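I opened the model to look up its sheets, helices and cores. My entries follow in the order I made them.

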Amino acid sequence: MARRLNLEEIGRRAGVSRSTVSRVVNGEPHVRSETKKRVEAVIAETGYRPHAAARSLASNNTGVIGLVIPSAVETLFDDPYFGRLILGISAATNEVDMTLALFLFGEEPDEGSIIYRVVTPGLVDGVIVTATTRGDPLIDHMQGADMPFVVIGRPDSARSTFCVDVDNRGGARAAALHLAALGRRRPALIAAPSNTTAGVDRRNGFLEGLSEVGLSVENRIREGDWTQGSGREAMSLLLTERPDAVFVASDRMAVGALRAISEAGLNCPGDISVVSFDGLVPPDLTMPRLTSVVQPVTEVGKRATRLLRSVIDGTSTTPEHVVFPTRLAVRESCGSAPPGS
């Protein structure tokens, strides 16, 4: 095994002292640009990587970022959204040479203790927060704790927060316009929870799109809780209103809706077109294959991590709101795609 280089060896090769190499590695100021370039050239040439623990002690940083998910643990591991999100965040933490720590709320009383532990100095350098509900005090706690943090989603206090989101409203609007273009005139909506900004934005975007073409859902609307069971129940209730199309605000709820349509002896898309939101369910998992508004969850996780690193480093000081576009993946469940497309 090759001998691990140390600061003294890097300094000898660059013609500088060990302390100068240490200042360059830890990003400290007051190093002449020519000297810094020389040290960085040696580091690049040798592939030197500083020891994480030593670097943390020198810089008073932990090298750890926290991911806070205020959601029940069983929901976390049952929802493909969180798997994709954690995948993106993990990839980016490796990219920025940091480590990820996961903080979960099992029950509501956990929130206070977890917040206290997260903001305790010396535990993490910054935090990514996701899956909050509207009015959740977590964001206010984070803002008052002087801890760098980034929110995934659209927080209520977006003006003073770094956040990364997807265009929920625009994606839902596109779904409405697509169904209208197919000639569907009795659309229904299975909405996501109204205590989340994603749920509100998807509901409003769909209704906005219908309004543009002179349509409405009238009383053909039910709300689910992101789960397959809630989608099945909501669709069963909506069938009494005889809709010819339904927009379901998440893939998991859409799988339940498809089941309810089949159990009622109806055909999708012949009797009812279905469009969902997320793009997380593998197309071949449903019959017919699901038309869905696709959100780039993995890329959201990566971007949030990079943004947090820039906040920690002090290179980002003005709140930034990143919004990723969505796209409509048209498949058989809406009736406008041939089999196997």
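I count two strands as paired if DSSP finds at least two bridges between them. Helices (H or I, at least four residues) and strands (E, at least two) are DSSP runs, numbered from the N terminus.

This is a predicted model, in which local features need pLDDT of at least 70, side-chain atom pairs count only at pLDDT 80 or more, and totals for chains, interfaces and linings use all residues. Residues are numbered from 1 along each chain as its sequence is written, and side-chain values use heavy atoms, with hydrogens and water left out.

**Confidence.** I looked up pLDDT, the predictor's confidence in each residue, from 0 to 100. The protein chain has a mean of 86, and 85% of its residues reach 70 or more. Over residues 52–58 the value is below 50, and this stretch has eight contacts (heavy atoms within 4.5 Å) beyond near neighbours in sequence. Where pLDDT is low, the predicted coordinates should not be read in detail.

I traced an open sheet with strand order 7-6-8-9-10-12 and mixed pairing. Strand 7 (221–223) and strand 12 are its edges, each pairing on one side only. From one strand to the next the twist averages 20°; for such angles, axes are lines fitted to C-alpha atoms, for helices over the stretch in contact, and angles run from 0 to 180 degrees between N-to-C directions. Strand 6 (residues 187–191) is parallel to strand 8, with four bridges between them. Opposite Ala 188 I found Val 246 in strand 8.

**Helices on this sheet.** Helix 10 lies across strands 6, 7, 8 and 9, at about 170° to strand 6. Helix 9 lies across strands 8, 9, 10 and 12, at about 165° to strand 9.

Which residues of helix 9 are buried? With buried meaning under 20% relative accessible area (1.4 Å probe, protein chains only), they are Asn 168, Gly 171, Ala 172, Ala 175, Ala 176, His 178, Leu 179 and Ala 180. An α-helix has 3.6 residues a turn, so residues three or four places apart point the same way. The buried residues of helix 9 pack against strand 5 (163–166), helix 10 (197–212), strand 8 (245–248), strand 9 (273–278), strand 10 (291–294) and strand 12 (327–329). After helix 9 comes Gly 183, with a positive phi near 90°.

**Strand 1.** Six of the six residues of strand 1 (residues 64–69) are buried. Val 64, Gly 66 and Val 68 point one way, and Ile 65, Leu 67 and Ile 69 the other. Six bridges join strand 1 in parallel to strand 2 (residues 99–104), where Ala 101 is the bridge partner of Gly 66. Strand 3 (residues 126–130) is also parallel to strand 1, over four bridges, and there Gly 126 stands opposite Ile 65.

**Cores.** I took a nonpolar core as a set of buried Ala, Val, Leu, Ile, Met, Phe, Trp, Tyr and Cys residues joined through side-chain atoms within 4.5 Å. The largest has 24 residues, and Tyr 81, Leu 85, Ile 128, Val 150, Ile 152, Val 164 and Val 300 touch the most other members. Strand 1, helix 6 (80–95), strand 4 (149–152), strand 5, helix 13 (297–313) and strand 11 (321–324) each supply at least two residues. Helix 13 gives the most, six. Apart from this core lies another, of 20 residues, among them Ala 192, Ala 249, Met 253 and Ile 261.

Conventions: Buried means under 20% relative accessible area, exposed over 50%, partly exposed in between (1.4 Å probe, protein chains only).
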